[in-house]
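Subject: Structure for your review

Dear colleague,

Please find the structure below, handed over for your own work. My findings on selected residues follow it.

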Amino acid sequence: MAESILRGSCLCGGVGYEISPPFVFFHHCHCSRCRKSSGSAFAANILVKAAQFRWTRGEELVKRWELPEAQFYCTGWCAACGSALPWQSRNGKGFLVPAGTLDDDPLARPDRNIFWASRAPWFTEPSSLPTIDEGK
């Protein structure tokens, strides 16, 4: 792997992984499938080549579900805590990494919104909302 290794994990810490840049892409996906699987307005996804990905612990806890009619869609999660996790493409060439599972700052930033036409009707640009440092 490259020198700049980034670590990621699930919420319970049972699963860990490493990725190395450069990324194939880093974007926000607004498709209905990503909205459903993330439970949010969009999914922040990073794609890396398979050689740039490595499970470091808990691979036996990783579960996978493929949507049969979708060529490029899948979900991965931790069997212990339910956190989203990276998943390998069906052709084996890459891993899609939910950016929110990274423990380290990837330094790169998302560079586009995809499936914008199918975004949630309730989506509001985050920068247009008030900001509060705590959860109150």
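A residue is called buried under 20% relative accessible area, exposed over 50%, and partly exposed in between. Arg-64 has a relative accessible area of 36% and is therefore partly exposed. Please note that this is a predicted model.

Salt bridges

The structure contains six salt bridges. One of them joins Arg-64 to Glu-66, with the closest N and O atoms 2.7 Å apart. Glu-66 also pairs with Arg-90, where the closest N and O atoms are 3.2 Å apart. Because Glu-66 belongs to strand S6 and Arg-90 to the loop between strand S8 (87-88) and S9, this pair ties together parts 24 residues apart in sequence. Glu-66 is partly exposed at 33% relative accessibility, and Arg-90 is partly exposed at 38%.

Another salt bridge is formed by the side chains of Arg-7 and Asp-104, at 3.0 Å from N to O. Arg-7 lies in strand S1 (residues 6-9) and Asp-104 in the loop between strand S9 (94-98) and strand S10 (113-114), so the pair connects parts that are 97 residues apart in sequence. Arg-7 is partly exposed at 45% relative accessibility, whereas Asp-104 is buried at 19%.

Cysteines

The structure has zero disulfides. The cysteine sulfur nearest to that of Cys-29 belongs to Cys-31 and is 3.6 Å away; this is too far for a bond, because a disulfide requires sulfur atoms within 2.5 Å. Cys-29 is buried, with a relative accessible area of 4%, and Cys-31 is buried at 11%.

Kind regards

Technical notes:
Residues numbered from 1 in each chain as written. Predicted model: local features only at pLDDT ≥ 70, side-chain atom pairs only at ≥ 80, totals over all residues. Heavy atoms only, no water. Buried < 20%, exposed > 50% of the residue type's maximum accessible area, 1.4 Å probe, protein only. Salt bridge = Lys/Arg side-chain N within 4 Å of Asp/Glu carboxyl O. Helix = DSSP H or I, 4+ residues; strand = E, 2+ residues; numbered from the N terminus.
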